[in-house]
Amino acid sequence: MFDSYRETSLKYDPARCINCRRCTQVCPHAVFAEGKEHAELEDPGSCMECGACALNCPVQAITVQSGVGCAWAMIGAALRGKDMDTECSCGGDDSSCCGQSKETGCGCGEK
Amino acid sequence: MAEKPSAAEIHITDSTITLTNRLDHFMARWGWKRESHRVVPGLHRLGNPAAESMVFASANYTLSFDALRSALSGTDAWILVLDTKGINVWCAAGKGTFGTDELVRRISSTGLSDIVSHRKIILPQLGAPGVSWPEVLRKSGFTVEYGPVRARDLPEYLKTHKATPAMRKVEFPMVDRIVLTPVEFVHIAFPMIIVAAALWFLAGPVAALAAVAAVLAGTVLFPVLLPFIPTQDFSTKGLILGAVVALPFAYWLGAAPALPFWANALGAVTPLLIIPAVVSYIALNFTGCTTFTSRTGVKKEIFRYVKVMAVMAVLGVLLGVILGISRLLGVI
């Protein structure tokens, strides 16, 4: 109850994994851990769907519907009659919502 | 526009953060001319790098670039600045501007492969959502190494080129949450002033104060108290915080002397409906500023709670209007 974040779109097939460990290097929430023969899906509930693991997996053992968990952008898109799933994430200098009003407020200003 | 590899200019930088830099960082934090905190994209020379010196990639946002060059104090290195339109690494990676294509393009337009003798480029870990290392290797011949999340961990990281689990993890500590509050407050300050002024004339100074309190609670208190408020969902956290903030106003209106019971009751309920709804909505909108909310989860929140907030706000405004009309008509 009152936890909308327990399930995500992250899927991992350990059978395809070649144990290159890139996923453990790019995940900012330690969702993957190093294992003996393949990476271990350690903490899927912490996944924020940034997509770094899937994009950097050389054998497509990981899939995730990546996107930015930003209510501001999604509600804005819905109000303008656009698709909530494809509308802007942060950044960009033209019509992006964040570019105009919230770009530094993305939790990552210092990095 | 295509730049000729041979003609690409190499910019010169150092590790010193000047007073002007600090002022620029401060203004960036307040959202002042938010598109203008930029660094020239291209290759920058830090110290006296040679052909075998390390290459680091960064965004053309001053806060990102300055964090990198100051962390590399005393190191001779090349810094390849990508054109991320003045957006920090992580947000730009999410958008794709800090991405495979821009990286490959910059490597080629700066003629990097003629300048350095090795084929390795160190990226901030948070660039990874935009970069596919196998594709970069295929298209440019350069191997991507993902450094730590935070530039300040670079000196330690570079000793072994292995990151500790802590270096790989994004946290969202109090200080990071606090630096986000000015921009949160600023972008909602103008509508707040209008609403507060209108409420002052229609319902008196306390109502105006309630509007200011709701916005401050949502934009400042909420980020600061985020991990300490019960429940996981931002909307429910906001409802809880909003209810706490509404209590004094509910008491003030509910205990107002010389009013009939029904007017006191309506007066007490009104802030308890409106303030939590407002704080909850602002809280939900903070999801995009955090470092951990998934799109799936935020979407669930939107579908679960926005209706509730809307119903609460509409009911509260109706009650407020009834009270206001009663007062004007001299009923109370």
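**Entry 1: domains of chain B.** I began with the layout of chain B, where the C-alpha centres of domain 1 and domain 2 lie 41 Å apart. Domain 1 covers 5-168 and domain 2 covers 174-328; these bounds come from an automatic or database domain assignment.

**Entry 2: ground rules.** I noted that this is a predicted model, in which local features need pLDDT of at least 70, side-chain atom pairs count only at pLDDT 80 or more, and totals for chains, interfaces and linings use all residues. Residues are numbered from 1 along each chain as its sequence is written, while chains are lettered from A and ligands numbered from 1 in the order in which they are written.

**Entry 3: confidence.** I looked up pLDDT (the predictor's confidence in each residue, from 0 to 100). Chain B has a mean of 93, with 98% of its residues at 70 or more. Over residues 1-6 of chain B, pLDDT stays under 50, and the model has 6 contacts there beyond four places in sequence. A contact means that two C-beta atoms, placed from the backbone, lie within 7 Å. For the complex, the predictor gives an ipTM of 0.83 and a pTM of 0.84.

**Entry 4: where the chains meet.** I found 50 residues of chain A in contact with 63 residues of chain B. On the chain A side, helix 1 (22-26), helix 2 (52-56), helix 3 (71-79) and helix 4 (97-102) each supply at least two residues. Helix 3 gives the most, with 5 residues. Helices here are DSSP runs (H or I, at least four residues), as are strands (E, at least two), numbered from the N terminus. That side of chain A has 23 nonpolar, 18 polar and 9 charged residues. For these classes, Ala, Val, Leu, Ile, Met, Phe, Trp, Tyr, Cys and Pro are nonpolar, Asp, Glu, Lys and Arg charged, and the others, Gly among them, polar.

**Entry 5: the core.** I then turned to the largest nonpolar core, which has 69 residues; A:Cys53, B:Val55 and B:Leu80 have the most contacts inside it. Such a core joins buried Ala, Val, Leu, Ile, Met, Phe, Trp, Tyr and Cys residues through C-beta atoms within 7 Å. Buried means 20 or more other C-beta atoms within 10 Å, exposed 12 or fewer, and partly exposed in between. Strand 4 of chain B (residues 77-82) gives the most to this core, with 6 residues.

**Entry 6: A:Arg80.** I placed A:Arg80 in the loop between helix 3 and helix 4 of chain A. A:Arg80 counts as exposed because it has 10 C-beta neighbours inside 10 Å.
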